[in-house]
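Please read the points below with the structure open beside them.

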Amino acid sequence: MAKRKNKAPKRKANWLVNTILAIICIIWFIPTLGLLISSVRPAADILQTGWWTVFPHRQWATEEQVKLPKDTDLRQPITVNGQTFSDDQLKSGVMQGDKRLVWENRRSRTVDVQDKKWSGFTLDFTTLNYETVLGGKQYKITQPDGTVKTEQGSGMGRSFWNTIAVVIPSTVIPIFIASFAAYAFAWLKFKGRRVFFVIVIALLVVPLQVALIPILRDYTALGLNGTYFGIWLAHTAFGLPLITYFMYNSISQLPRDLFESAYMDGATNFTIFSKLILPLSVPALASISIFQFLWVWNDYLVSLIFLGSQPEVQVLSMNIANMVGSRGSDWHLLTAAAFVSMLTPLAVFFALQKYFVRGLLGGSIKG
């Protein structure tokens, strides 16, 4: 009986946790699904209806049209099917029983009589949005008034490869340096070790914004502003404190016997680091790689200041920001561009996710 009583609270706790997790997943999944669907819908459909209309739903469908006399005065009450309505009511749509009356064409004095009917799945999808965003092709948009508008796409292909050129070195370099530093702080004895470690940890609380202007002045004097090498150094400097602290927590929990045996066999510090530390720290390295990759990939401010917004070095975040500013109503481009920006971080996360939890918990349990 006691065991059954103990199991009941555990089941309730598990049910509560699973429910909360399911709600969080749904909250995150619905906007992502909407973004994906919008990114493959034709531009005209996005301007007229929401992404959820691709699923079966009830919508107003015209059953018949009522032709009013051409001399109907729109400033006076308008009689339709025996009832009178104002011009404003017919503009926005007015109910007549279970039907809706709405202007189809005011000039020709034509009124639509609509009823709600179920519509099936709408599978009118296209890849033109992605072709336009990545390749900068021309596209045509049919406006609600029937006119055709032709514009040139933004061309995010160059920005995508610029971002890759920034992200990979800015992730690998600080992790490589911080791993060496974490090993030294954890297992090597040298004068001032604790002081240096405290200084590194103290840098975690310093906002990077306070360093932007002084570093920019130095970069300008050295000619590093607007170069990939300059942005690599900036991201390395800003990422080192957190990565060093994270890797220290993991490396410091490794058994001391491993290092003593290696020293007795004549192994050097570099051999111990490359043959023991790195293989045993793969989960931690994968976890912090995800964080650093996401930080650099989504960065806007640091890239804007140290790299600039010129097309030849512009990264994805800048390109999307410019698109929002110049084409705030072109959702077909914004959604496609946003989804392109999401795909690579998602791919990195899912590729390394099996190490993610192990890496986060690696330094939480001693021994």
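This is a predicted model: local features need pLDDT of at least 70, side-chain atom pairs count only at pLDDT 80 or more; totals for chains, interfaces and linings use all residues.

1. F197, V200 and I201 in α6 touch P241, T244, Y245 and Y248 in α8. Of the residues in this contact of α6 with α8, 6 are nonpolar, 1 is polar and none is charged.

2. Two packed helices are described by the angle between their axes and by the distance between those axes. Helix α6 spans residues 193-202 and helix α8 spans residues 228-251; the angle between them is about 125°, and their axes lie 8 Å apart. Because of that angle, α6 is oblique to α8. The crossing of these two helices, α6 and α8, is left-handed.

3. A second pair is helix α9 (residues 256-264) with helix α10 (residues 269-280). Their packing angle is about 145°, and 10 Å separates the axes. Here α9 crosses α10 in a right-handed sense.

4. Which residues of α9 meet α10? They are L258, F259, A262 and Y263, and their partners in α10 are N269, I272, L276, I277 and L280. This contact of α9 with α10 comprises 8 nonpolar residues, 1 polar residue and no charged ones.

5. Helix α4, residues 128-135, has N129, Y130, T132 and V133 buried. These residues lie on the same side of α4, because they cover an arc of only 160° around the axis. As background, an α-helix has 3.6 residues a turn, so residues three or four places apart point the same way.

Methods. Residues are numbered from 1 along each chain as its sequence is written. Side-chain values use heavy atoms; hydrogens and water are left out. Axes are lines fitted to C-alpha atoms, for helices over the stretch in contact, and angles run from 0 to 180 degrees between N-to-C directions. Helices (H or I, at least four residues) and strands (E, at least two) are DSSP runs, numbered from the N terminus. Angles under 35 degrees count as roughly parallel, over 145 as roughly antiparallel, 65 to 115 as roughly perpendicular and the rest as oblique. A crossing is left-handed if the near helix is turned anticlockwise from the far one by less than a right angle, and right-handed if clockwise. Contact means heavy atoms within 4.5 Å. Ala, Val, Leu, Ile, Met, Phe, Trp, Tyr, Cys and Pro count as nonpolar, Asp, Glu, Lys and Arg as charged, and the others, Gly among them, as polar. Buried means under 20% relative accessible area, exposed over 50%, partly exposed in between (1.4 Å probe, protein chains only). The arc is that of the directions from the helix axis to the C-beta atoms.
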